[in-house]
Amino acid sequence: MDFLLDDQQTMLIKTIRDFIAAELQPLEDEVERAGALAPETAKRIFEKSRALGLYGMNMPEVHGGGGLSAVDTMLAEEQFGRTTDILIRRTFGNVYEALLVCAGPQIERWLRPAVRGERVCAIAITEPGAGSDAAGISTRAVRSGNGWRLNGAKHFISDGVFSDFFLVSAVTDPSAGARGISLFLVDKGLAGFAIGRDQPMMGVRGTPHVELVFDDVQLDADALLGQEGEGLRIALTTLGRVRLAQVGARAIGKATLVLEKTVDYARERRQFGQALGQFQMVQQMIADSIIEINAARQLLWRAAAEIDAGRDGRDLIAMVKVNASETLGRVVDRAVQIHGGMGFCKDLPIERYYRDARVFRIFDGASEIHRSTLARSVLKSGAKLFDIGA
Ligand SMILES: Cc1cc2nc3c(=O)[nH]c(=O)nc-3n(C[C@H](O)[C@H](O)[C@H](O)COP(=O)(O)OP(=O)(O)OC[C@H]3O[C@@H](n4cnc5c(N)ncnc54)[C@H](O)[C@@H]3O)c2cc1C
C-alpha cells in the first residue's frame, strides 16, 4: 500500500496547476461577466494546452491521448477543479471513456477526432421526464433501412452549443426495460436534429446547457455504440470513471482552492483587534474542512486504484460522488461564513464558488440515488463494502 506521490506525479500536478494559474484563472471574471467564453480565447487556450500534451490526458496513447492511469487522471482532474467548467472543457477536453467502445470505422470518425480535440462530444441522457430514472427515457430509435430513425428530446445537455456530436441514449426495445436502451453517436447538423433553448443555471456560467430535439433523424448503421440494448450498461461502466474524475476529483480540487482562500482571509482580516483565524470557532471550521478534504481525497484515490487494478469500483465511485460533492458543499459554506459579508458579495469569487458547488450534489446521479445504491448493495450482499474483514 503506497499513499505517496512520486516525482512524476508531483510534476504532473505542478504543471497543470501552474498552467491554470497563468492561463485560465485570469479569464474567469470575464467568463462570469459575459456568461460565455469568446471563441478566439477558446482556440488560444486549446492550442496552448495541446502543445503541452495536456488535452485528452485520460485517453489511451494508442488513440492519441495522454495515457494516464486512473489514479493519475484523478491527480490531474483535482487540479482542473481549480478553474471553471467551460475553461476545463476547452483546455483539457471532456473526452468520455465511453468513446473507447467505438469499433471499426467509428474509431476514425468519432473517437480519435475527439481525443485530438478536433471534434467535441457531449453526453445526452437526461430528458424532461427522466433524470434520476435513466431507464425511464422516451427518446426512441427504430430500425430504418440499414440504420436507425431517432425521435425524442433531451435537456440540460452541457456544452451542447459547442459540441460536434452527442452520445444519445434511446429506447430500441420498449419491452426490455433497462436492457432495451442503446447509445448512439449523433452528429450535429443532421436533418431533423435541432439544438433547443439554453437553460440558464444558478452557476457554472459560461457553459451552455441546452435542449436537444430529434425529429425523424436518420442515423446510419455505424451510429450504434456497442451492441443494441447495451446502452445503460455502457453508461454505467464507463461513466463511473467520468463521475469519479469530473465530480469527485474536481470537487476536491475546488474545495482545496476555496479553503486556501479562506485561510488567507482568516489570517488577514482583523476584528476585535485580532485576526479572524485567532477565534476558536473560526479555527474549528478551518480544521473540519482540512480533515474532510483529506478524507475525501483518500477515498478518491482508493476508488481510482481499484479501477487501475481492473476492478469495477462502482460502489466506491458512488461513495466518492456523495462524499466529495458534500465535502465541497460544507467547505464552501464555511468559506462564505468566514468571509462574512464579503463571502456574499460579488467583489470576491467566494459567492461564485458557492453557486458553482451546488450542482455537484445533483448531476451525475443525485446524492440520494448513490446512497440508495450503496444501502441496497450492503443489504443484499453483506458488510464487504465497509468491513475489511468481511
Ligand atoms: C448543470 C447541469 C448539467 C447537466 N449536464 C448534463 C449532461 O451534460 N447530460 C445529461 O444527460 N444530463 C445532464 N444533467 C442532468 C443531471 O444529470 C440530472 O439533473 C440529474 O441526474 C438529476 O435528474 P433530475 O434533474 O431529473 O432530477 P429528478 O430525477 O427529478 O430528481 C429530483 C430529486 O429527487 C430525488 N430523487 C429522485 N429519485 C430518487 C430516488 N429513487 N430515491 C430518493 N430520492 C430520489 C433526489 O433528491 C433528486 O435530486 C445536468 C444537470 C445540471 C443541473
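Trainee: Why does Asp216 count as exposed?

Mentor: This is a predicted model, and the call rests on a count of neighbours. Asp216 has 11 C-beta neighbours inside 10 Å. The limit for exposed is 12 or fewer, so Asp216 counts as exposed. Asp216 sits in strand β7 (residues 209-219).

Trainee: What is the phi of Asp216?

Mentor: Phi of Asp216 is near 55 degrees, a positive value in a residue other than glycine. Most residues other than glycine have a negative phi.

Trainee: What makes helix α4 (residues 70-80) largely enclosed by the rest of the structure?

Mentor: Ten of its eleven residues are buried, so helix α4 is largely enclosed. A buried residue has 20 or more other C-beta atoms within 10 Å of its own. The buried residues of α4 include Asp72, Glu77 and Glu78, along with Met74, Leu75 and Phe80. They pack against α1 (7-24), α5, α7 and α8 (280-308).

Trainee: How do you know that the radius of gyration agrees with a compact globule?

Mentor: A compact globule of 390 residues would have a radius of gyration near 21 Å, and the protein chain has 21 Å, so the two agree. The C-alpha atoms fill a box of roughly 80 × 55 × 40 Å along the principal axes. Buried residues make up 43% of the chain. Of the contacts with a separation of 6 or more, 72% join residues 24 or more positions apart.

Trainee: Which domains does the assignment give, and how do you know that domain 1 and domain 2 touch?

Mentor: The assignment gives domain 1 (7-116), domain 2 (121-229) and domain 3 (233-385). The C-alpha centres of domain 1 and domain 2 lie 24 Å apart. A contact needs C-beta atoms within 7 Å, and 21 residues of domain 1 are in contact with 13 residues of domain 2. On the side of domain 1 that touches domain 2, α2 (28-34), α5 (85-92) and α6 (106-115) each supply at least two residues. The largest share, four residues, comes from α6. By class, that side of domain 1 has 13 nonpolar, four polar and four charged residues.

Trainee: Which residues touch the most other members of the largest nonpolar core?

Mentor: They are Leu167, Phe184, Val186 and Leu300, in a core of 103 residues. Helix α7 (residues 231-268) gives the most to this core, with 17 residues. Not counting residues up to four places away in sequence, Phe184 touches residues including Ala141, Trp148, Leu150 and Leu225.

Trainee: What makes up the shell around the ligand?

Mentor: The shell divides into 13 nonpolar, seven polar and two charged residues. Of the 22 residues around the ligand, Thr126, Gly131, Ser132, Ala366 and Glu368 come nearest. At least two residues each are supplied by β1 (121-124), β3 (147-158) and α12 (367-381).

Trainee: Which domains supply at least three residues each to that shell?

Mentor: Domain 2 (121-229) and domain 3 (233-385) each do.

How values were computed: Residues are numbered from 1 along each chain as its sequence is written. This is a predicted model: local features need pLDDT of at least 70, side-chain atom pairs count only at pLDDT 80 or more; totals for chains, interfaces and linings use all residues. The radius of gyration is taken over C-alpha atoms; the globule rule is 2.2 Å times the number of residues to the power 0.38. Two residues are in contact if their C-beta atoms, placed from the backbone, lie within 7 Å. Domain bounds come from an automatic or database domain assignment. Ala, Val, Leu, Ile, Met, Phe, Trp, Tyr, Cys and Pro count as nonpolar, Asp, Glu, Lys and Arg as charged, and the others, Gly among them, as polar. A nonpolar core is a set of buried Ala, Val, Leu, Ile, Met, Phe, Trp, Tyr and Cys residues joined through C-beta atoms within 7 Å. A residue is near a molecule or strand if its C-beta atom, placed from the backbone, lies within 6 Å of it.
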